[in-house]
Amino acid sequence: MRKSVLSNSCSAVLAAALLPLLAPAASAATELADPVEYAALGDSYASGVGIGNYTSESGDCLRSPQAYPRLMADRGTVDSLDFAACAGAQTPDVLNEQVNALSASTDVVTVSIGGNDAGFVDVITTCNTGSDQTCDDAVTEAENYATQQLPAELAETYDAIAAAAPQARVAVVGYPRLFELGPCLSLLSEFERGRLNDAADTLDSVIAEQAAAAGFSFLDVRDDFSGHGVCGAQPWINGLSYPVEESFHPNATGHEQGFLPDVSGFVATQSQLAS
């Protein structure tokens, strides 16, 4: 009888001692369970152009169900998605339209913008149809724009995002290098491919600097895509394609294995910091 009383007393003391330890754990679990509201802004590299499969309701914005923002939502990484990215978007489109997807309740924002402002679609076209010299001149002009005019445009855009979603953590998603060097059946010479990769590096450097100035994170995907550019053995980026707008954009594998790990890792880290 005394043994039973002693056992019950010990159990009560142990439970009382453990209660303060268990309560914070339960609280943390509750915080982690809070819904994550995610908004994806940007251009065709965020909307999913290049995948070839688009939702009818997205119209000319060409948003793909296999683009990394939609994959985030479908896999439960986030609880809700405002998918505002649109093919052909430039910084004014984010400022005047896409920021409307943001609010004080937005938790996470990704944005991929700047390539169209610097005219890289025209640059790639010039390089595919012209000489090494005309390609070099076009790349140089785009690089000059990226270093001289784009910083102010990005700064204004990032300020607008911060104002529209004051509680959100923001990741600026960079651009991959498009090409692998070496032998390749391509309209582009190795020199042209190298210069276009240089342009991607210049663009990413400018974007990373402005992201840091705004207090945003920069997700550099160049290493993720390394070895999988156009002319690679297993390319995650389309070469010259039909329809032509699919050309030189990441395919479904590029979104799943190139973009998604960095973006989902960012969201997971921010969720832990918020808990």
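Helices here are DSSP runs of H or I with at least four residues, numbered from the N terminus, and the expected span of a helix is 1.5 Å times one less than its number of residues. The model on screen is predicted, with local features needing pLDDT of at least 70 and side-chain atom pairs counting only at pLDDT 80 or more, while totals for chains, interfaces and linings use all residues. Residues are numbered from 1 along each chain as its sequence is written, and side-chain values use heavy atoms, leaving out hydrogens and water.

Select residues 190-214 to begin: this is helix α8, whose 25 residues reach 36 Å from the first C-alpha to the last, close to the 36 Å expected at 1.5 Å a residue. Just after α8, select G215, which takes a positive phi of about 80°.

Leaving aside residues up to four places away in sequence, A73 touches V78 and L81, where contact means heavy atoms within 4.5 Å.

Finally, turn to the largest pocket, which holds about 620 Å³ of space; a pocket is an open set of points on a 1 Å grid over the protein atoms alone, where a 1.4 Å probe fits, with protein on both sides within 12 Å along at least five of seven lines, and its lining residues have an atom within 4 Å of a point. The volume is the space filled by probe spheres set on the points, which are joined across faces, edges and corners. Of the 28 lining residues, select F120, V121, I124, S247 and H249, which lie nearest the centre of the largest pocket. Then select α5 (120-129), which gives the most to this lining, with six residues.

Note on methods
Helix = DSSP H or I, 4+ residues; strand = E, 2+ residues; numbered from the N terminus.
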